[in-house]
Amino acid sequence: MRPEELRIGFAICGSYCTFSQVFPVLEQLAERYGAVQPIFSERSAVTDTRFGSASTFVERAEQCTGRRPILSIREAEPIGPQKLLDVLVIAPCTGNTLAKLAAGITDSSVTMAAKAHLRNGRPLVIAPSTNDGLTASLRNLGELAMRKHVYLVPFRQDDPEKKPASLVSEMTLIPDAIEAALDGRQLQPVLLGAPAARGG
């Protein structure tokens, strides 16, 4: 299938500090693929933070994709029966959402989108971003890594000294992770080294 024929779902959870990395990727995908459907968790759609206002992010997603974001469980449910997506990305995927996905809990727009999408046996690409990635969330990452049709965007410790349990995906690898998932492959390596030191 050609890129312009593919339908991509892009679900955004409340790891607000990564939005500056995630939205350029969303815009890149909107330029590459035929249809990109933004999805916001209920919290990310309404919570203003020091990283920006929620309404600004929702509007930005709609402007770059040309599609009104899905904001509720009711709106996300048809993804399954109507087979609306070829691949679904969750980026950033918080520890809270990782836990719900691992436990089969469907109580948000994003977890409903994932459940509905996976019922069709189509790829789900998860980009973790959580401060407890090497503690409470580690078992959930492991559980999801073993699931059929689930793929991870490669990740690393983002600050081993100050936040030794924190993990974050390399968001620029989302397009490559999508292509690999569509081929039934996990993008490698999954575990990345420390980011290169920035020049001063």
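**Close-up 1. The largest pocket and its space.** On a 1 Å grid over the protein atoms alone, a pocket is an open set of points where a 1.4 Å probe fits, with protein on both sides within 12 Å along at least five of seven lines. A volume is the space filled by probe spheres set on the points, which are joined across faces, edges and corners. The largest pocket here has a volume of about 550 Å³. This is a predicted model, in which local features need pLDDT of at least 70 and side-chain atom pairs count only at pLDDT 80 or more, while totals for chains, interfaces and linings use all residues. Residues are numbered from 1 along each chain as its sequence is written, and side-chain values use heavy atoms, with hydrogens and water left out.

**Close-up 2. The lining of the largest pocket.** Lining residues have an atom within 4 Å of a point. The largest pocket has 20 of them, and Thr-18, Gln-21, Asp-158, Val-168 and Ser-169 lie nearest its centre. Two or more lining residues come from each of strand 4 (124-130), strand 6 (155-159) and strand 7 (163-169); strands are DSSP runs of E, at least two residues, numbered from the N terminus. Strand 7 gives the largest share, five residues.

**Close-up 3. The second largest pocket.** Here you will find about 200 Å³ of space. This pocket is lined by 13 residues, with Ser-41, Arg-43, Asn-96, Thr-97 and Lys-100 nearest its centre. Helix 4 (95-103) and helix 5 (109-118) each supply at least two lining residues, where helices are DSSP runs of H or I, at least four residues. Helix 4 gives the most, with three residues.
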